[in-house]
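Subject: Structure handover

Hello,

Here is the structure I said I would pass on. My notes on it follow below.

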Amino acid sequence: MKAMVLQKPCSGLQLTELPVPEISDSQVLIKVHACGVCRTDLHVVDGELPDPHLPLIPGHEIIGEVVKTGKNVENLNKGDIVGVPWLGYTCSVCRYCSSGRENLCESAKFTGYTLNGGYAEYTVADYRYCFSIPDNYDFYHTAPLMCAGLIAYRSYRMCGENVKNLGIYGFGAAAHIITQVAVWQKKNVFAFTRKGDSASQEFALSMGCVWAGNSGELPPEKLDAAIIFAPVGELVPLALRAIDKGGVVVCGGIHMSNIPEFEYRILWEERQIRSVANLTREDGMEFFRLISQLNLKTEIKIYSLDDANQALDDLRKGRINGAAVLKII
Ligand SMILES: [Zn+2]
Ligand SMILES: [Zn+2]
(Lines give C-alpha, C1' and ligand atoms only; values in the text may rest on other atoms or scores of the structure.)
(Ligands and ions follow the chains in the order given, each with its own letter.)
Protein backbone atom coordinates (compact mmCIF):
# COMPACT_ATOMS: atom_id res chain seq x y z
CA MET A 1 0.00 0.00 0.00
CA LYS A 2 0.98 3.63 -0.38
CA ALA A 3 1.51 5.60 2.81
CA MET A 4 2.89 8.98 3.81
CA VAL A 5 5.42 8.26 6.54
CA LEU A 6 7.17 10.42 9.13
CA GLN A 7 10.67 9.04 9.69
CA LYS A 8 11.67 11.74 12.12
CA PRO A 9 10.08 15.03 13.24
CA CYS A 10 10.76 18.18 11.19
CA SER A 11 11.69 16.22 8.06
CA GLY A 12 8.31 16.14 6.30
CA LEU A 13 6.50 13.00 5.17
CA GLN A 14 7.85 10.50 2.65
CA LEU A 15 5.66 8.65 0.18
CA THR A 16 6.45 4.99 0.97
CA GLU A 17 5.35 1.58 -0.28
CA LEU A 18 4.49 -0.66 2.71
CA PRO A 19 2.83 -4.05 3.18
CA VAL A 20 -0.88 -3.90 4.08
CA PRO A 21 -0.90 -4.19 7.90
CA GLU A 22 -1.95 -7.37 9.73
CA ILE A 23 -4.82 -7.22 12.22
CA SER A 24 -4.99 -8.64 15.73
CA ASP A 25 -8.10 -10.35 17.11
CA SER A 26 -9.79 -7.13 18.25
CA GLN A 27 -8.88 -5.06 15.21
CA VAL A 28 -10.40 -4.35 11.85
CA LEU A 29 -8.56 -3.67 8.60
CA ILE A 30 -9.89 -0.53 6.97
CA LYS A 31 -9.55 0.61 3.39
CA VAL A 32 -9.16 4.35 3.86
CA HIS A 33 -11.34 6.60 1.71
CA ALA A 34 -10.61 9.93 3.36
CA CYS A 35 -8.42 11.29 6.11
CA GLY A 36 -8.71 14.79 7.47
CA VAL A 37 -5.61 16.83 8.16
CA CYS A 38 -5.72 18.14 11.72
CA ARG A 39 -3.56 20.77 13.38
CA THR A 40 -2.36 18.04 15.74
CA ASP A 41 -0.77 16.29 12.72
CA LEU A 42 1.16 19.46 12.15
CA HIS A 43 2.33 19.51 15.78
CA VAL A 44 3.45 15.86 15.43
CA VAL A 45 5.23 16.41 12.12
CA ASP A 46 6.88 19.59 13.40
CA GLY A 47 8.18 17.85 16.54
CA GLU A 48 6.05 19.87 18.97
CA LEU A 49 4.60 16.78 20.68
CA PRO A 50 6.85 14.35 22.56
CA ASP A 51 7.57 10.72 21.69
CA PRO A 52 5.56 9.89 18.58
CA HIS A 53 5.72 6.26 17.45
CA LEU A 54 8.36 6.29 14.68
CA PRO A 55 8.30 5.68 11.82
CA LEU A 56 4.74 6.99 11.88
CA ILE A 57 1.78 7.19 9.53
CA PRO A 58 -0.07 10.31 10.79
CA GLY A 59 -3.79 11.01 10.50
CA HIS A 60 -6.66 10.57 12.94
CA GLU A 61 -9.72 11.75 11.05
CA ILE A 62 -10.23 8.55 9.11
CA ILE A 63 -13.26 7.44 7.13
CA GLY A 64 -13.02 4.05 5.50
CA GLU A 65 -14.53 0.69 4.78
CA VAL A 66 -13.99 -2.39 6.91
CA VAL A 67 -12.43 -5.06 4.69
CA LYS A 68 -11.37 -7.63 7.30
CA THR A 69 -12.32 -8.29 10.93
CA GLY A 70 -10.41 -10.00 13.76
CA LYS A 71 -12.05 -12.96 15.47
CA ASN A 72 -13.11 -11.01 18.60
CA VAL A 73 -14.71 -8.16 16.67
CA GLU A 74 -18.40 -7.59 17.41
CA ASN A 75 -20.96 -5.37 15.68
CA LEU A 76 -18.75 -4.57 12.70
CA ASN A 77 -18.75 -6.40 9.43
CA LYS A 78 -16.99 -6.33 6.11
CA GLY A 79 -18.37 -3.48 4.03
CA ASP A 80 -19.29 -1.23 6.99
CA ILE A 81 -18.20 2.38 6.76
CA VAL A 82 -16.53 3.57 9.95
CA GLY A 83 -14.80 6.60 11.37
CA VAL A 84 -11.56 6.26 13.33
CA PRO A 85 -10.79 9.08 15.78
CA TRP A 86 -7.76 10.22 17.78
CA LEU A 87 -8.56 8.01 20.79
CA GLY A 88 -7.38 4.58 19.62
CA TYR A 89 -7.10 2.56 22.81
CA THR A 90 -7.69 2.87 26.56
CA CYS A 91 -6.95 0.39 29.34
CA SER A 92 -10.49 0.36 30.87
CA VAL A 93 -9.11 -0.26 34.39
CA CYS A 94 -7.14 2.82 35.50
CA ARG A 95 -8.76 5.40 37.80
CA TYR A 96 -9.65 7.62 34.84
CA CYS A 97 -11.17 4.86 32.75
CA SER A 98 -13.15 3.58 35.71
CA SER A 99 -14.60 7.04 36.46
CA GLY A 100 -15.91 7.94 33.00
CA ARG A 101 -12.79 9.87 31.99
CA GLU A 102 -11.18 7.55 29.50
CA ASN A 103 -9.93 10.62 27.62
CA LEU A 104 -7.35 10.91 30.43
CA CYS A 105 -6.44 7.17 30.53
CA GLU A 106 -2.95 6.49 31.88
CA SER A 107 -2.23 4.04 29.05
CA ALA A 108 -4.19 5.60 26.20
CA LYS A 109 -2.97 5.24 22.63
CA PHE A 110 -3.68 7.76 19.94
CA THR A 111 -4.28 7.25 16.26
CA GLY A 112 -1.68 8.90 14.05
CA TYR A 113 0.59 9.61 17.02
CA THR A 114 1.34 6.52 19.11
CA LEU A 115 -0.52 4.27 16.65
CA ASN A 116 -0.33 4.41 12.87
CA GLY A 117 -3.06 6.51 11.31
CA GLY A 118 -4.84 7.22 8.08
CA TYR A 119 -2.41 8.89 5.68
CA ALA A 120 -2.33 5.53 3.87
CA GLU A 121 -4.43 3.30 1.67
CA TYR A 122 -5.12 0.93 4.58
CA THR A 123 -5.09 1.22 8.35
CA VAL A 124 -6.00 -0.97 11.31
CA ALA A 125 -8.09 0.07 14.30
CA ASP A 126 -9.45 -1.50 17.46
CA TYR A 127 -13.13 -2.07 16.70
CA ARG A 128 -14.20 -0.70 20.11
CA TYR A 129 -12.97 2.79 19.17
CA CYS A 130 -14.48 3.02 15.70
CA PHE A 131 -17.59 5.13 15.21
CA SER A 132 -20.56 4.51 13.00
CA ILE A 133 -21.20 7.75 11.18
CA PRO A 134 -24.50 9.37 10.22
CA ASP A 135 -25.42 8.48 6.65
CA ASN A 136 -26.42 12.02 5.68
CA TYR A 137 -22.73 12.93 5.17
CA ASP A 138 -20.26 11.81 2.50
CA PHE A 139 -16.74 10.46 3.26
CA TYR A 140 -14.85 13.67 2.59
CA HIS A 141 -17.16 16.02 4.46
CA THR A 142 -17.34 13.59 7.39
CA ALA A 143 -13.59 13.21 7.88
CA PRO A 144 -13.03 16.57 9.66
CA LEU A 145 -15.79 15.72 12.11
CA MET A 146 -13.68 12.87 13.49
CA CYS A 147 -11.35 15.21 15.38
CA ALA A 148 -12.06 18.86 14.65
CA GLY A 149 -15.75 18.13 15.20
CA LEU A 150 -15.34 15.94 18.27
CA ILE A 151 -12.79 18.10 20.08
CA ALA A 152 -14.79 21.21 19.24
CA TYR A 153 -17.87 19.55 20.66
CA ARG A 154 -16.10 18.60 23.89
CA SER A 155 -14.73 22.15 24.17
CA TYR A 156 -18.22 23.53 23.57
CA ARG A 157 -19.69 21.29 26.30
CA MET A 158 -17.03 22.53 28.72
CA CYS A 159 -18.35 26.07 28.28
CA GLY A 160 -21.28 25.10 30.50
CA GLU A 161 -25.03 25.39 30.32
CA ASN A 162 -25.74 29.10 30.53
CA VAL A 163 -23.94 30.37 27.47
CA LYS A 164 -25.68 32.85 25.22
CA ASN A 165 -22.66 34.73 23.86
CA LEU A 166 -19.83 32.44 22.80
CA GLY A 167 -16.43 33.64 21.57
CA ILE A 168 -14.24 31.54 19.30
CA TYR A 169 -10.57 32.38 18.82
CA GLY A 170 -9.07 30.89 15.67
CA PHE A 171 -11.59 30.23 12.92
CA GLY A 172 -10.50 27.01 11.23
CA ALA A 173 -11.87 23.49 10.95
CA ALA A 174 -13.05 23.04 14.55
CA ALA A 175 -14.54 26.53 14.77
CA HIS A 176 -16.60 26.35 11.61
CA ILE A 177 -18.14 23.05 12.70
CA ILE A 178 -19.05 24.03 16.24
CA THR A 179 -20.32 27.44 15.13
CA GLN A 180 -23.02 25.69 13.15
CA VAL A 181 -24.02 23.63 16.19
CA ALA A 182 -24.03 26.73 18.43
CA VAL A 183 -26.05 28.79 15.95
CA TRP A 184 -28.53 25.92 15.63
CA GLN A 185 -28.83 26.05 19.44
CA LYS A 186 -29.63 29.78 19.17
CA LYS A 187 -26.37 31.09 20.57
CA ASN A 188 -24.58 34.25 19.44
CA VAL A 189 -21.12 33.38 18.18
CA PHE A 190 -18.35 35.97 18.06
CA ALA A 191 -15.34 35.03 15.92
CA PHE A 192 -11.80 36.26 16.53
CA THR A 193 -9.08 35.83 13.92
CA ARG A 194 -5.54 37.00 13.23
CA LYS A 195 -5.39 40.75 12.74
CA GLY A 196 -6.50 41.69 9.23
CA ASP A 197 -7.50 38.16 8.21
CA SER A 198 -10.60 39.37 6.43
CA ALA A 199 -11.03 36.07 4.54
CA SER A 200 -11.45 34.15 7.83
CA GLN A 201 -13.71 36.87 9.22
CA GLU A 202 -15.97 36.73 6.17
CA PHE A 203 -15.95 32.94 6.40
CA ALA A 204 -17.02 33.19 10.06
CA LEU A 205 -19.89 35.53 9.21
CA SER A 206 -21.00 33.21 6.41
CA MET A 207 -21.20 30.40 9.00
CA GLY A 208 -23.66 32.43 11.06
CA CYS A 209 -21.43 34.34 13.50
CA VAL A 210 -23.00 37.59 14.68
CA TRP A 211 -19.65 39.38 14.76
CA ALA A 212 -16.12 38.79 13.50
CA GLY A 213 -13.02 40.80 14.34
CA ASN A 214 -9.37 40.77 15.29
CA SER A 215 -8.28 38.80 18.33
CA GLY A 216 -6.93 41.93 20.02
CA GLU A 217 -10.34 43.60 19.90
CA LEU A 218 -13.06 43.41 22.52
CA PRO A 219 -16.40 42.15 21.20
CA PRO A 220 -19.41 44.50 21.24
CA GLU A 221 -20.98 42.46 24.07
CA LYS A 222 -19.48 40.56 26.99
CA LEU A 223 -19.02 36.85 26.33
CA ASP A 224 -20.29 34.09 28.61
CA ALA A 225 -17.55 31.73 27.42
CA ALA A 226 -14.76 31.56 24.90
CA ILE A 227 -13.04 28.67 23.17
CA ILE A 228 -9.48 29.09 21.92
CA PHE A 229 -8.64 26.84 18.98
CA ALA A 230 -5.57 28.75 17.77
CA PRO A 231 -2.35 27.42 19.40
CA VAL A 232 -1.44 30.89 20.64
CA GLY A 233 -0.95 31.49 24.37
CA GLU A 234 -1.34 35.29 24.01
CA LEU A 235 -5.02 34.67 23.34
CA VAL A 236 -5.69 33.47 26.90
CA PRO A 237 -5.51 36.89 28.59
CA LEU A 238 -7.31 38.47 25.64
CA ALA A 239 -10.16 35.98 26.00
CA LEU A 240 -10.26 36.51 29.78
CA ARG A 241 -10.76 40.22 29.18
CA ALA A 242 -13.62 39.48 26.80
CA ILE A 243 -15.61 37.17 29.09
CA ASP A 244 -18.06 38.23 31.75
CA LYS A 245 -18.06 37.25 35.45
CA GLY A 246 -18.26 33.50 36.00
CA GLY A 247 -17.26 32.80 32.42
CA VAL A 248 -14.88 30.17 31.18
CA VAL A 249 -12.05 30.18 28.66
CA VAL A 250 -11.60 26.71 27.15
CA CYS A 251 -8.32 25.90 25.43
CA GLY A 252 -9.25 23.33 22.79
CA GLY A 253 -5.80 22.49 21.43
CA ILE A 254 -3.20 19.91 22.36
CA HIS A 255 -0.33 22.38 22.10
CA MET A 256 -0.10 26.10 22.69
CA SER A 257 2.68 28.66 22.89
CA ASN A 258 3.40 30.06 26.36
CA ILE A 259 0.72 32.11 28.05
CA PRO A 260 2.06 35.54 28.97
CA GLU A 261 1.81 36.83 32.51
CA PHE A 262 -1.43 38.64 33.28
CA GLU A 263 -2.97 40.47 36.22
CA TYR A 264 -5.16 38.48 38.60
CA ARG A 265 -7.94 41.03 38.17
CA ILE A 266 -8.95 39.58 34.78
CA LEU A 267 -9.31 36.08 36.25
CA TRP A 268 -11.10 37.21 39.39
CA GLU A 269 -14.93 37.06 39.72
CA GLU A 270 -14.88 33.33 39.19
CA ARG A 271 -13.63 33.32 35.65
CA GLN A 272 -11.98 30.02 34.75
CA ILE A 273 -9.38 28.76 32.31
CA ARG A 274 -9.44 25.10 31.39
CA SER A 275 -8.12 22.80 28.72
CA VAL A 276 -9.68 19.93 26.85
CA ALA A 277 -7.77 16.74 26.22
CA ASN A 278 -8.74 14.00 23.78
CA LEU A 279 -12.27 12.63 23.70
CA THR A 280 -14.35 9.89 25.20
CA ARG A 281 -16.37 7.48 23.11
CA GLU A 282 -19.46 8.86 24.85
CA ASP A 283 -18.62 12.35 23.47
CA GLY A 284 -18.47 10.85 20.01
CA MET A 285 -21.78 9.07 20.23
CA GLU A 286 -23.45 12.18 21.62
CA PHE A 287 -21.94 14.36 18.91
CA PHE A 288 -22.96 12.09 16.06
CA ARG A 289 -26.49 11.76 17.48
CA LEU A 290 -26.72 15.53 17.65
CA ILE A 291 -25.44 16.27 14.17
CA SER A 292 -27.66 13.69 12.55
CA GLN A 293 -30.45 16.21 13.32
CA LEU A 294 -28.89 19.18 11.55
CA ASN A 295 -27.34 19.44 8.17
CA LEU A 296 -23.80 20.41 9.08
CA LYS A 297 -21.80 21.80 6.20
CA THR A 298 -18.09 21.19 6.45
CA GLU A 299 -16.01 23.39 4.20
CA ILE A 300 -13.20 21.24 2.83
CA LYS A 301 -10.24 21.44 0.52
CA ILE A 302 -9.32 18.10 -1.01
CA TYR A 303 -5.75 16.92 -1.59
CA SER A 304 -4.36 13.63 -2.87
CA LEU A 305 -2.44 11.38 -0.48
CA ASP A 306 0.84 12.29 -2.19
CA ASP A 307 0.11 15.96 -1.48
CA ALA A 308 -0.11 15.53 2.31
CA ASN A 309 2.96 17.73 2.84
CA GLN A 310 1.31 20.49 0.82
CA ALA A 311 -1.88 20.16 2.87
CA LEU A 312 0.12 20.42 6.11
CA ASP A 313 1.96 23.44 4.82
CA ASP A 314 -1.25 25.17 3.76
CA LEU A 315 -2.62 24.54 7.25
CA ARG A 316 0.58 25.83 8.84
CA LYS A 317 0.35 29.05 6.81
CA GLY A 318 -3.39 29.53 7.47
CA ARG A 319 -4.29 29.13 3.79
CA ILE A 320 -7.29 26.86 4.32
CA ASN A 321 -10.85 27.96 5.04
CA GLY A 322 -12.37 25.06 6.92
CA ALA A 323 -10.57 21.72 6.76
CA ALA A 324 -8.03 19.94 4.56
CA VAL A 325 -8.92 16.36 3.61
CA LEU A 326 -6.86 13.70 1.85
CA LYS A 327 -8.88 11.79 -0.73
CA ILE A 328 -7.34 8.35 -0.74
CA ILE A 329 -9.28 5.65 -2.60
ZN1 LIG B 1 -7.20 3.73 31.49
ZN1 LIG C 1 -7.00 16.21 15.65
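Two strands count as paired if DSSP finds at least two bridges between them. The model is predicted, and in it strand β3 (residues 27-37) is joined to β8 by five bridges, the two running antiparallel. Within that pairing, K31 stands opposite Y122 in β8.

Strand β8 spans residues 122-126, and five of its five residues are buried, so the rest of the structure largely encloses it. In a regular strand, side chains alternate between the two faces of the sheet. Here Y122, V124 and D126 point one way, while T123 and A125 point the other way, and all are buried.

There is also an open sheet of six strands, paired in parallel, with the order β12-β11-β10-β13-β14-β15. Its edge strands, β12 (211-214) and β15 (272-275), each pair on one side only. From one strand to the next, the twist averages 20°. Strand β14 (residues 243-251) runs parallel to β15, with four bridges between them; C251 stands opposite S275 in β15.

On the helices: α3 (residues 148-157) packs against α7 (residues 281-291) at an angle of about 100°, and their axes are 10 Å apart. That angle makes α3 roughly perpendicular to α7. The contact brings G149, L150, Y153 and R154 of α3 together with D283, G284 and F287 of α7. By class, three of these residues are nonpolar, two polar and two charged.

Regards

Conventions:
Residues are numbered from 1 along each chain as its sequence is written. Chains are lettered from A and ligands numbered from 1 in the order in which they are written. This is a predicted model: local features need pLDDT of at least 70, side-chain atom pairs count only at pLDDT 80 or more; totals for chains, interfaces and linings use all residues. A residue is buried if 20 or more other C-beta atoms lie within 10 Å of its own, exposed if 12 or fewer, and partly exposed in between; C-beta atoms are placed from the backbone. Axes are lines fitted to C-alpha atoms, for helices over the stretch in contact, and angles run from 0 to 180 degrees between N-to-C directions. Angles under 35 degrees count as roughly parallel, over 145 as roughly antiparallel, 65 to 115 as roughly perpendicular and the rest as oblique. Two residues are in contact if their C-beta atoms, placed from the backbone, lie within 7 Å. Ala, Val, Leu, Ile, Met, Phe, Trp, Tyr, Cys and Pro count as nonpolar, Asp, Glu, Lys and Arg as charged, and the others, Gly among them, as polar.
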